[in-house]
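Me: Could you take a close look at one strand in this model for me, along with what surrounds it? I'd be glad of one connected answer.

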Amino acid sequence: MWSLNVVTVCGTLLCAINCLPRFPHKIHSRFPLRYILRFETNVIMRCIKCKDYYYHQFKLLTFSHYPRQGNIRVFCRVRPLLDSETDKCKDMSHVQFTTNDKKAIVLAKMEESRTGRDRKVELKYDFSFDHVFNPKARQVEVFEEIAQLVQSALDGYNVCIFAYGQTGSGKTYTMEGPDDITTETNGMIPRAVNQIFLSAAKMESMGWTFNFTANFLEIYNESLRDLLVTKPEKNTEYEIKLVSSTSEQLHVTNLKYVPVSTEAEVHKLLTVAKANRSVAKTAANDRSSRSHSVFQLQIHGKHAQRELQCTSILSLVDLAGSERLDKSQSKGDRLREAQAINTSLSCLGHVITSLSNKDSHIPYRNSKLTYLLQSSLGGNSKTLMFVNISPLDENFSESLNSLRFASKVNECIIGTAQANRK
Ligand SMILES: Nc1ncnc2c1ncn2[C@@H]1O[C@H](COP(=O)(O)OP(=O)(O)OP(=O)(O)O)[C@@H](O)[C@H]1O
Ligand SMILES: [Mg+2]
């Protein structure tokens, strides 16, 4: 380890002095990234030649070694206008992107000037996130940006990715894909599963063996349901409990935890879960998710020869969307669902605020959602939130609220994730 560090430090110094064209790069590229020290990454960042060379490794740095670690990362995605919406919304000039800056998004709107009645002024709201995807972004491009984060689940890090946004903004599309799913439109969950099994197979050729267990639940009207059970027995109680009094890990009583060994097995489970999920047609979305869905893959890796073990959980969450009850005009079941959704999302907001304020008490237990995600929001986990935005100008104020909430989430320090390795 020491000798590796000495060599990489020498390489970095050469970078720092004059960025010799080949030698330093060759030194660095031989070693796993974890042997590159933090001060070295700063030097490399300032060197144009190296920066180019290390482009892919920097993506990795953003998630594992880069000093800003500890925050909940936020990616913003604006969905395209649907064919059915082109009458309602002629253009998307109120949502602005910067060509060279993939982190910025601006909401703009014309307002009456306070000084003169007939003059309008443009109000601009600037936001900056870890990445902003414009409506043209394909699923594959979005996944490219989270691939390294997913990969780190195999290295023993707990990883949680969740999609947040108003109803109809594209959360389910991002996480699962559309109804008529194709290899092009596959969402983050199926892509993450594919990557995990592909990488596990590569690591197995290096002596690792992996065991995987999957579960998939939904939180509907503040109660838990197993999405892998098509005909649940009446009165089955699903309760969130600690695995043991000495562990911080949670489990859900009576939930189906299915051992899986191939991606095809997981895809079958995803199909069952999709059919069982609570969805309904609403004014805003033909297939609106009326529940929060949580897919989890527990990973246990072992390298017998090197006596290494690692355990982790990959959690992929598609939240139900917030909706304004006056606008959606929901009634009956839809109204009850919307109220439960809004309440649990505001509990999520309170948890985020408490974390940002570094309060001594964080109200995780006020909702099933925050209790279940407790370790991802405030604990030892690498967490990323997608904030999904609708392109319709009639949704301007909801988009503004979502982006403001997302900025708050982005500032939230949740502590540095540690790999669960022995
Ligand atoms: N990036 C995209 N490209 C093409 N169509 C999209 C995209 N994002 C969303 N859509 C379409 O927009 C509609 C609403 O998306 P989706 O169902 O994912 O919203 P949602 O945020 O999950 O809403 P809810 O909270 O009501 O469940 C769907 O018809 C979906 O196929
Ligand atoms: Mg949805």
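Reply: Strand β6 (residues 159-165) is largely enclosed by the rest of the structure, because seven of its seven residues are buried. Buried here means that 20 or more other C-beta atoms lie within 10 Å of the residue's own; 12 or fewer makes a residue exposed, anything in between partly exposed, and C-beta atoms are placed from the backbone. Strands are DSSP runs of E with at least two residues, helices are runs of H or I with at least four, and both are numbered from the N terminus. Please keep in mind that this is a predicted model, in which local features need pLDDT of at least 70 and side-chain atom pairs count only at pLDDT 80 or more, while totals for chains, interfaces and linings use all residues. Residues are numbered from 1 along each chain as its sequence is written, and chains are lettered from A and ligands numbered from 1 in the order in which they are written.

β6 has parallel partners in β15 (residues 308-318), over five bridges, and in β16 (residues 382-389), over seven bridges. Strands count as paired if DSSP finds at least two bridges between them. Val 159 has Leu 314 as its bridge partner in β15, and Tyr 164 has Val 387 as its partner in β16.

Back at β6, Gly 165 belongs to the strand and counts as buried because it has 28 C-beta neighbours inside 10 Å. Leaving aside neighbours within four places in sequence, Gly 165 is in contact (C-beta atoms, placed from the backbone, within 7 Å) with Lys 171, Gly 321, Val 387, Asn 388, Ile 389 and Ser 402. Ser 169 lies in the loop between β6 and α7 and is buried, with 29 other C-beta atoms within 10 Å. Beyond residues up to four places away in sequence, Ser 169 touches Arg 79, Gly 321, Asn 388, Ile 389 and Ser 390. An unreviewed UniProt entry lists Gly 165 and Ser 169 under "binding site", along with Gln 166, Thr 167, Gly 168, Gly 170, Lys 171 and Thr 172; positions follow the numbering used here, feature names are shortened, and such annotations may be inferred rather than shown by experiment.

Ligand 1 is surrounded by 19 residues, with Gly 170, Thr 172, Ser 288, Ser 289 and Gly 321 the closest; a residue is near if its C-beta atom, placed from the backbone, lies within 6 Å. α7 (171-175) and β13 (288-289) are the elements that give two or more residues to this shell, and α7 gives the most, with three.

Conventions
Two residues are in contact if their C-beta atoms, placed from the backbone, lie within 7 Å.
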